[in-house]
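Visitor: Could you walk me through a few side-chain features of this model?
Guide: Gladly; let's take a look together.

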Amino acid sequence: MGLKKQKLSHLHFYFHDIVAGRHPTAIRVAEAATTNTSATVFGAVVIMDDPLTLGPELSSKIVGRAQGIYAFADLTNFGLLMVLNYVFTEGKFNGSTISILGRNAVLSAVREMPIVGGSGVFRFASGYAQAKTHTLDLKTGNAVVEYNVYVFHY
């Protein structure tokens with residue numbers, strides 16, 4: 001298959017999940033009949049196209065987008081099913097993607113989600129993404145999440 005020796009890359013960026021305001025990047029597209037009475041918002045499904053930036057400010061340089069879906073999938077705790085791609089638009093990874101599929105226990109200090117693949121530079125990728133909430137506005141639901149991604153690729 002012409003594969004070279006695997007490399008390990010560490011990527012660091014911030015994920016801006018904007019659910020409120022004039023220009024949301026994450027929108028609820030489905031919910032169960034009981035979602036609005038659930039303490040954990042169980043059954044809500046959100047589609048996102050969130051900016052990825054170098055720094056925690058939204059005005060920081062955008063290096064890509066987090067595109068996909070998250071669903072509130074836990075009846076007793078805030079737990080999300082994350083199905084998304086990090087789509088890189090800058091630098092040496094421009095045009096490449098990393099695919100994530102896993103559980104995000106949003107109230108945990110640090111969460112870990114598996115990398116299940118990718119494209120471009122990240123074809124046959126594996127590894128994990130660590131998420132840590134940088135800021136969360138409890139009034140709006142808008143969040144900035146710091147990501148450290150450790151990805152094996154060829």
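**A walk through the side chains**

Guide: Let's start with a polar contact of 2.7 Å, which links the side chains of Asp17 and Tyr70. Keep in mind that this is a predicted model.

Visitor: Which side chain of opposite charge is nearest to Asp17, and how far away is it?
Guide: Asp17 sits in strand E1. Asp17 is buried and yet has no salt bridge. A salt bridge would need a nitrogen–oxygen distance within 4 Å. The nearest side chain of opposite charge is Arg111, at 9.6 Å.

Visitor: How many aromatic pairs are there?
Guide: Ring centres must lie within 6.5 Å to pair. By this rule the count is 11.

Visitor: Is the pair of Phe15 and Tyr147 stacked, edge-to-face or tilted?
Guide: The ring centres of Phe15 and Tyr147 are 5.4 Å apart. Planes under 30 degrees apart count as stacked and over 60 as edge-to-face. The planes here stand at 45°, so the pair is tilted.

Visitor: How many residues apart in sequence are the parts that this pair ties together?
Guide: Phe15 belongs to strand E1 (residues 7–17), and Tyr147 to strand E9 (residues 143–153). The pair therefore ties together parts whose separation in sequence is 132 residues.

Visitor: Is Leu101 buried, partly exposed or exposed?
Guide: Leu101, in strand E6, is one of the residues of a nonpolar surface patch with about 660 Å² of accessible area together. Its relative accessible area is 42%. Buried means under 20% and exposed over 50%, so Leu101 is partly exposed.

How values were computed
Residues are numbered from 1 along each chain as its sequence is written. This is a predicted model: local features need pLDDT of at least 70, side-chain atom pairs count only at pLDDT 80 or more; totals for chains, interfaces and linings use all residues. Side-chain values use heavy atoms; hydrogens and water are left out. Rings of Phe, Tyr and Trp (its six-membered ring) pair if their centres lie within 6.5 Å; planes under 30 degrees apart count as stacked, over 60 as edge-to-face and the rest as tilted. Helices (H or I, at least four residues) and strands (E, at least two) are DSSP runs, numbered from the N terminus. Patches are made of residues with over 30% relative accessible area and no salt bridge: like charges are joined within 9 Å, nonpolar side chains (Val, Leu, Ile, Met, Phe, Trp, Tyr) within 5 Å. Accessible areas come from the Shrake-Rupley method with a 1.4 Å probe; for residues, only the protein chains shown count as cover. Buried means under 20% relative accessible area, exposed over 50%, partly exposed in between (1.4 Å probe, protein chains only). Lys and Arg count as positive and Asp and Glu as negative; His and the chain ends are not counted. A polar contact is a pair of N or O atoms within 3.5 Å; within protein, one must be able to donate a hydrogen and the other to accept it, and residues adjacent in sequence count only if both atoms are side-chain atoms.
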